[in-house]
Amino acid sequence: MTDHLVVAEGLVKHYPVRGRGTLAAVDGVDLRVERGTTLALVGESGCGKSTTGRLLLALERPDAGRVTVAGQEVHALGRRDLRALRRTMQPVFQDPYDALNARMTVERIVAEPLRVHHAGGDVPARVRELLATVSLDPALASRYPHELSGGQRQRVAIARAIALDPAFVVCDEPVSALDVSVQAQVVNLLRRLQDERGITYLFISHDLALVRHLAQRVAVMYLGRIVEEGPAGELFADPRHPYTRLLLAAAPRPRVRDRDPAPVAVAGETPGALSRGRGCAFAPRCPLATGLCRTDDPPLRALPGTERKAACHYAESSRAGAA
Amino acid sequence: MNGRSRLTVPLVIVGLYVLLAAFAPLLAPDDPNTVALARRLLPPQAHHLMGTDALGRDVLSRVMYGTRVSLLVAAAAVVVAGVAGVALGMVAGWRGGWLGALVMRIVDVVLSVPFFLLAVLVVAVLGPSLVNVVVCLAIVRWPRYARVAYSTTLQTRGRGFVRAATATGASGGWILVRHVLPEVLPVAIVVGTLEFGLMVVYEASLSFLGLGVQPPTASWGSILSDGQQYIATAWWLATFPGLALFVLVLAVNLLGDAARDRLDPAKRATVTRRRVFRRPRTAEAAA
């Protein structure tokens, strides 16, 4: 039996939209993250991946479903217990500018979690230690965020996130606001921290190339639901859901020779989470859609003979390159 | 003006007013309330630098004593209204829901009632006195602060650093004091300095109507309104208290501007860095 640090079951989050009903940002999501590993959550913008991350961290209340972190049901906890549990789960956000209070020094920013939880001891020394851990010069402690580069700021945000030695960190697009040259450094830092401290990540991203060498498992999200989930290698080598295939085909990659395939755009727009009709939500954009797809919504189901799940009627049959 | 004098010049001016008010009994050349009809309406001269009023009272002495009332009432009104308004606005913005809606509707109601109607009502209930003028001004003006505190809190609530603090388990009070208040304060200070000038004028208006400071106690407002009827024949009556008011309000506004900039580390840093490195780019240094 594998040890799942984070388990989400049947998560649902609806937002009321004035005069137009509700928007189902997250519409029945199940996730399991094994301790010490990385689960990548990928999908287009607006598919609900960030909302899922916020639900896991109890930054928002789900309308249905439950989240268990380290054996504790997050949304059922009282204020005091939740506060204690927050020590074990921390976020790293996309925009390191917005995530750091511009009126505080790096020292105060990184020390905040320690002070909130009355960590005691020599806080300034602990802060310098944390800065060294994320490969920042401890002398930066007296600087303000606007004096740092984007990569340095994101390191400060990571130092704050690991200050309380959390078991679980949700990284919400942690490098997509950074220069490409800096992205690799931050990603390597995240990997090193995982090796050293056994941190479990939920890595939210739209960058499949990044996910490929960071995550053990990948969940593909489309319009508030998981459409395919499985071990990273297997899923990238042999995607079973047409949406996954399109995402992989759309990802930009270096073209060395002219006959290398050019990236393909995913045709059409998402129908919008406001108007989910009958049938598969991907059917309007799917090159393989049949009459069945337009009337019957395929559930996420385990595919025999693999470790994978996919939500497609033709997950077994529609194999290679049809997209 | 460069970074330093932007703060010091208005600070010195306000300091002078405070000293003037504190030591009025020592500095004033004459008793402000001595009536001497023989020397009524004298123009400025060696013995009466600002002339005398219709009852022969020395205007300079009255302006000096008036500074006490004006400063005290305006400062107290700004502080009481500011603290109450900022606290209520922040809680309304943070909690939202029915509580936020309730507070902001009260704000709308208070702001929709004309100032004098409300002021007359409050003073009529409480009776005219110096303390009640402050209470009255605070009741009428706190919604100004509440509005800016409310909207700034709403904006800040959605920022990443607030979410990060929530995620570490910080309580609402912690976040309000450490993350939201530093955003609200600079805005509230600017509102406060603008309000300060208005409070001086409002106090004068209330005193003019007999709802404020009671005669013969001098305040700039009462001297001004006394002088109003002689404006064509005795210009000094309205000019000097008006000038005193003008300079004070200007200094306080400049002070508020400079204070707001100093509360912003990004702006503060550019000022210090420029001073340290003395970059020779004159166009930028002059700007």
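## Two helices crossing in chain B

Let's start in chain B, where the axes of helix H3 (residues 59-95) and helix H6 (residues 130-157) come within 5 Å and cross at roughly 35°. The crossing of H3(B) past H6(B) is right-handed. By class, their contact holds 23 nonpolar, five polar and four charged residues.

Helices (H or I, at least four residues) and strands (E, at least two) are DSSP runs, numbered from the N terminus. Axes are lines fitted to C-alpha atoms, for helices over the stretch in contact, and angles run from 0 to 180 degrees between N-to-C directions. A crossing is left-handed if the near helix is turned anticlockwise from the far one by less than a right angle, and right-handed if clockwise. Ala, Val, Leu, Ile, Met, Phe, Trp, Tyr, Cys and Pro count as nonpolar, Asp, Glu, Lys and Arg as charged, and the others, Gly among them, as polar.

## What you're looking at

This is a predicted model, in which local features need pLDDT of at least 70 and side-chain atom pairs count only at pLDDT 80 or more, while totals for chains, interfaces and linings use all residues. Residues are numbered from 1 along each chain as its sequence is written, and chains are lettered from A and ligands numbered from 1 in the order in which they are written.

## The hairpin in chain A

Over in chain A, strand E1 (residues 4-16) pairs with strand E2 (residues 22-34) in the antiparallel sense, over ten bridges. Strands count as paired if DSSP finds at least two bridges between them. E1(A) and E2(A) make a hairpin with five residues between them, and A:Gly19 in the turn has a positive phi of about 75°. Opposite A:Pro16 you'll find A:Thr22 in E2(A).

E1(A) also pairs with strand E4 (residues 64-69) of chain A, again antiparallel, over five bridges. There, A:Val7 has A:Thr68 in E4(A) as its bridge partner. (Buried means 20 or more other C-beta atoms within 10 Å, exposed 12 or fewer, and partly exposed in between, with C-beta atoms placed from the backbone.) Leaving out residues up to four places away in sequence, A:Arg66 touches A:Glu9, A:Glu73 and A:His75; contact means C-beta atoms, placed from the backbone, within 7 Å.

## The eight-stranded sheet

Chain A also has an open sheet of eight strands in the order E6-E7-E8-E3-E9-E10-E12-E11, with mixed pairing. Strand E6 (89-92) and strand E11 (301-302) stand at the edges with a single partner strand each, so one side of each has no neighbour in the sheet.

Inside that order, six bridges join the antiparallel strands E9 (residues 217-222) and E10 (residues 225-231) of chain A. A:Tyr222 stands opposite A:Arg225 in E10(A). Helix H9 (residues 242-250) of chain A lies across strand E3 (38-42), E9 and E10, running at about 100° to E9(A).

Most residues other than glycine have a negative phi. A:Asp165 has a positive one, near 55°, and A:Glu173 has one of about 50°. A:Asp165 sits in the loop between helix H5 (150-161) and strand E7 (168-172) of chain A, while A:Glu173 is in the loop between E7 and helix H6 (180-197) of chain A.

Which of these is buried or exposed? A:Asp165 is exposed, with 10 C-beta neighbours inside 10 Å, and A:Glu173 is buried, with 21 other C-beta atoms within 10 Å.

How values were computed: Contact = placed C-beta atoms within 7 Å.
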